[in-house]
Amino acid sequence: MKPNAWINSLQASDFLTKQLAAWPLAKQNYIALKSVYTKSVELKNFTIKIQCNPTRISSSCAKTEPTHIQERKCFLCLENQPTEQFRLFFGSHYYFLCNPYPIFPEHFTIVSRKHIDQQILSRIEDFLDLTKRLDKFTIFYNGPKSGASAPDHAHFQAVTRNSMPLDREWEQQMIRYGKSVWEENNGNIHTLENYLRNGFIIQAKTKKTAISLFEKIYACLHIEEGDMEPMMNIFGQYVDNSWVIIIIPRKKHRPKQFYATGDERLITSPGVADIGGVFITPREEDFNKITPDILEDIYTQICFDDSEITKFAEQLTVNQK
């Protein structure tokens, strides 16, 4: 990402204030966010926050089949953005936007200036640059079949740090249950286990090391036939002059409850926020019927268990020989 315009965390917050003053719809949705229903569910050694957020109903119900994508106008393309939408240049390839349908108190979308598929491997350096520049935020990546509402347009998200349980739990979880997979001078990889949303944690002091470690994990993950990349969600933080990158591989996008009928029906299309521990329910009826058993069942369907993560880790080691 060669810079021709940069934004830091303070500038991002100021930008949101100016945007909300000029866009009634966005302002209304950010105000409404303060009164959404929330509750916390304790699962073993971690917490899931459930949020009833009706503004997310369209994205939760949206289909991602190619025919549907081709039929609709891409809402991230410049020519299709609302006239009220402010934008800033970010680096040489991105626009910085406020998300008008927020899940978090500060919620931004960083979109490619070109209409190009959502793929991470060629953009991991951009992800790391973004994480370092916006060091007061957590940076998201939703894979094209792992919750991305625009799988045909490359983008990242930035949200309020520590608003997800994962932000606060990953380190203790790693210390208690994680296994060291790879160690080198400027970085390491540990597993994230016993968490229902298992995966890998990269800690790196240099960008070069972070990229190298990410590529090692990427190479050991399975790509389904016809897919562009392994299904995954990614979280990034820049803390104490180091990167922390959390990669959660995915089995599937939606659980069986999404396709059920009657009382078994539950509208959920888990994306990166849900994987981070903020489970979004756009309907109040779903919010009311969620139980710990239902949550555990959903996460078990869409994420890998400890033994499967161990197999990925073993493959990573084999790849280096």
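Mentor: A residue is called buried when its relative accessible area is under 20%, exposed when that value is over 50%, and partly exposed in between. The model to which we apply these words is a predicted one. Side chains of opposite charge can pair when their charged atoms come close, and the structure holds eight salt bridges.

Consider Glu193, which pairs with Lys179 in a salt bridge whose closest N and O atoms are 2.9 Å apart. Glu193 sits in the loop between β9 and β10, and Lys179 in the loop between α6 and β8, so this pair ties together parts that are 14 residues apart in sequence. Glu193 has a relative accessible area of 3% and is therefore buried, whereas Lys179, at 43%, is partly exposed.

A salt bridge also joins Asp227 to Lys145, with 2.7 Å from N to O. This pair links distant parts of the chain, 82 residues apart: Asp227 belongs to the loop between α7 and β11, and Lys145 to the loop between β6 and β7. Asp227 is buried at 18%, while Lys145 is partly exposed at 44%.

In the salt bridge between Lys207 and Glu125, the closest N and O atoms are 3.4 Å apart. Lys207 lies in helix α7 and Glu125 in helix α5, distant parts of the chain that are 82 residues apart. Lys207 is partly exposed, with a relative accessible area of 25%, and Glu125 is partly exposed as well, at 35%.

Methods:
Residues are numbered from 1 along each chain as its sequence is written. This is a predicted model: local features need pLDDT of at least 70, side-chain atom pairs count only at pLDDT 80 or more; totals for chains, interfaces and linings use all residues. Side-chain values use heavy atoms; hydrogens and water are left out. A salt bridge is a side-chain nitrogen of Lys or Arg within 4 Å of a carboxyl oxygen of Asp or Glu. Helices (H or I, at least four residues) and strands (E, at least two) are DSSP runs, numbered from the N terminus. Buried means under 20% relative accessible area, exposed over 50%, partly exposed in between (1.4 Å probe, protein chains only).
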